[in-house]
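Work through the exercises below with the sequence and the model open. Each task is followed by a stepwise solution.

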Amino acid sequence: MDKTAIKNFAVWARTKLISNVEYKAGLLGITKGGIADALPQSTGDAQFFNIGTKDPYCITGRQISQRNSLVRLIEAKAEQSDFATAYDALVEEVSYTWFNRLIAIRFMEVNDYLPSHIRVLSSEAGKAEPDLVSTPFDAELAFTEAERAQVLKLQDESKSDELFRLLFIKQCNALNAILPELFEKTDDHTELLFSASFTDPNGVVAHLVSDIAEEDFKEAVEIIGWMYQYYNTEPKQDVFDGLKKNIKISKEKIPAATQLFTPDWIVRYMIENSLGRLWIEHLQSSDTLTPVIAGSDPQSSPTAIANNWKYYIQEAEQTPEVKAKLKEIRATYKYLTPEDIKFIDPCMGSGHILVYAFDVLMQIYESAGHASRDAAKLILENNLYGLDIDKRAYQLSYFALMMKARQYNRRILNGETTPQVYHPTGDKDCEEFGSLMKIDEQWDAEKEKPQRSDVQISIEDLNYEQDLRVWNFKRLLTKKYDVVCTNPPYLGSGGMSVKMTSFVETNYIDGKADLFAAFILRCFELSRANGIIGMMTSYTWMFLSGYQSIRETILYSYALTSLIQPEYHSFFEEAYVPICTFTARKAITHESSINIRLEQFKGASIQSEKALEAIADINCKYRYVFNPDVLHAVPGSPLVYWANSTVFEHYKTCPLIQSVCPPKPGLSTGDNDRFLRFWQEISFTKISFKGLSQKKWYPINKGGEFRRWYGNHQYIVNWDNDGFEIRNFKEKGGRLKSRPQNLQWNFKSAISWSLITTGAISLRFYPAYFMQNAAGICCYPTDENFAYMLAFLNTKPAQLYASILSPTMNTNAGDIARIPVVYRSEKCSEIERIVADNINLACVDWDVFETSWDFKSHPLL
């Protein structure tokens, strides 16, 4: 699959479609600036609009009512925000509606899934003219006599693009009968604003047909997800640019900001080790079957269905007590049938996870003796469930599942079978909070189910379909599932709206740091007892103190069963986020998990290959069997599954840095550009190098590049009048912007390191005339152990602990504070001598350049 071509097309197509829709709206007198009245010569049958040319633009008949509908819709949206925002939202909605339909029809025509088997956007023979335009009456479309006459007229007048638009809309409306959730009736403003052309070589249709190889559409329905991901590229960037300006993410922008398409190999890993494991454990529930243990011959096992699953991780060897507990759990699956399995993706996006779950379920059904044709229908009706707040994603997920079912059952497109996937448009809270919503326990699904009105033209009837979707959305949130599998949205608390922040803090206090953390908790809530969850999330929950409660919930209240930690940049251009993917059981089992660490392998292309190597080889060096009970000895319980037994022994027997020389973060000025300078910018005579004095400027430790022992003396700070201005630096509302913390530790000899680093940390000595900045965190050992602590913190063991406690780019005070100090008293004298030599050598190295205020001359001169 050529993802570069797909991305280039999707990003370009969005811009092109928006431009086309805006142009067409402009012809109707509707622009971002407002809505123009029809010209005075307009009548009830024809309306005219000034477009700046000799002849005004004219609409007639049904187009007038469509424009009126468009105007009412924009005005209604404007009441909730403002006109410009409402206009942009409507243009975006119409653009993505046609994008979805174009992509769906292209997929269907390439795979020969259209009921007429006649191509709509292209020609099977390779002609420039689409087959539907060449032979419109062979497509089994229900033309009225008036429409038939119009087709013939347009053919006679060689108005090919007008004919194409008429036929394309006709085809979309015909597909409403078999795919109603994607192909809604277009007898409204969306039809009025449709202006696609197949003759334009720079049009969306031409590029869709020519830029993306047909094989990519045949390869997998996965292409639908990538289209959606890339279509959101620019909206996502706009949201992130807004965050830099402290603009919170509104509910309308949450989908664009948080959508991250899950790589195929991670989807397979999650599902094979959740849904797949569920079925394997059902098979193992018989006394005649034995668990599939790592190292055994899978070909000889009655659970050989797992041989189809490349990413399935065989169970680690367990203790007798754990084996007994797992046997109890498997007994609850003993009478499980394929029809019983309930699988949900509560953040389904474009349906990638659900589509592969369909494949695994199909294998399960077939292994149980079901015909694939019958199984396809049963899977949609009984097994798979999905939720999302984004209507676009919902439509594509719905379409992807229907296309997947169509591979196995030709008759699935008869309009009788509908996937159980829903979006909550129409319910404000559900639209914002999605599947995080807590449904009142008193909510009675049967009593609350919407009823279709007997009066066909009533307002209630018009709202019935929307109300039914919301009801189904809520209904699914009241159920419990055997498997919950998802890639949730990632949104830190700093980007949340006030409403979202309040909701998360009220309902998911332990997950308040990020939406993904709240969803971890929600997934366990949606799971039934002994159920299995599979997730892809940021890996920050594994280590950072803000996620300690969630970490301990997963490790001790439930059971981690497996985990893969890819390399930091494992998505290339798709995302630069530190992620992990894991499976867990909603049961306390104390079982050992199998964990794979791919940190050393750079780039996306190699991640799946290395994961497979570790899955297949139980002796692989980056595969670890881990029992979380050993973490009780480590403060904060960071999930350091790769650490050896010596690490945990040190935590049991050695004091921590915290008890020897507690690290202290330094001064945060609130505006470094205002209060800090490079020392060369200020007259040397105005800088104090002897601690607190009457001078205005003082050296300040602000971190810096990798340097051990000594150096990075570059900045000075305005601490005039004992820092009066910084101490009182406030926002307009009176809130203090600066953070003058730990000031009593200024002007003392210190050991310091830089807050931000991309590799190993480096610790160095700072003389007693320095102040400390928040980016240059310090600890202050006594004179007796100063040299030993500086030496120890620069050793490889200390570096190992630092990487374990802080695998991200930030090394905070709390991370260093939790390092155990391995003390060797017999080495103290020798260590003091070596440290003194190292500081002296590093000082000489720093001072030979003019960037040092102690520079005398270059050594080569």
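**Exercise 1.** Find the salt-bridge partner of Arg522 and state where the two residues lie.

Solution. Step 1: Arg522 forms a salt bridge with Glu525, the closest N and O atoms being 3.0 Å apart; the term requires a side-chain nitrogen of Lys or Arg within 4 Å of a carboxyl oxygen of Asp or Glu. The model is predicted, so local features need pLDDT of at least 70 and side-chain atom pairs count only at pLDDT 80 or more, while totals for chains, interfaces and linings use all residues. Residues are numbered from 1 along each chain as its sequence is written, and side-chain values use heavy atoms, with hydrogens and water left out.

Step 2: Both residues belong to helix α23, 3 residues apart, about one turn of the helix. Helices are DSSP runs of H or I with at least four residues, strands are runs of E with at least two, and both are numbered from the N terminus. An α-helix has 3.6 residues a turn, so residues three or four places apart point the same way.

Step 3: Arg522 is buried at 5% relative accessibility, whereas Glu525 is partly exposed at 26%. Buried means under 20% relative accessible area, exposed over 50%, and partly exposed in between (1.4 Å probe, protein chains only).

**Exercise 2.** Classify Lys499 and Asp429 by accessibility and locate their salt bridge in the chain.

Solution. Step 1: The two side chains meet at 3.2 Å, N to O. Step 2: This pair links distant parts of the chain, with Lys499 in helix α22 (residues 498-507) and Asp429 in helix α19 (residues 428-433), 70 residues apart. Step 3: Lys499 has 41% relative accessibility and therefore counts as partly exposed; Asp429, at 35%, is also partly exposed.

**Exercise 3.** Which residues are joined with Glu591 and Arg585 into one salt-bridge network?

Solution. Step 1: Glu591 bridges to Arg585, with 3.0 Å between the closest N and O atoms. Step 2: Glu591 is buried at 5% relative accessible area, and Arg585 is buried at 2%. Step 3: Through shared partners, Glu281, Glu315 and Arg330 join Arg585 and Glu591 in the network. The whole structure holds 36 salt bridges.

**Exercise 4.** Is Ile682 buried or exposed, and what does it touch?

Solution. Step 1: Ile682 sits in the loop between β14 (676-678) and β15 (697-701). Step 2: Its relative accessible area is 17%, so Ile682 is buried. Step 3: Leaving aside neighbours within four places in sequence, Ile682 is in contact (heavy atoms within 4.5 Å) with Arg677, Ile687, Trp697 and Ile716.
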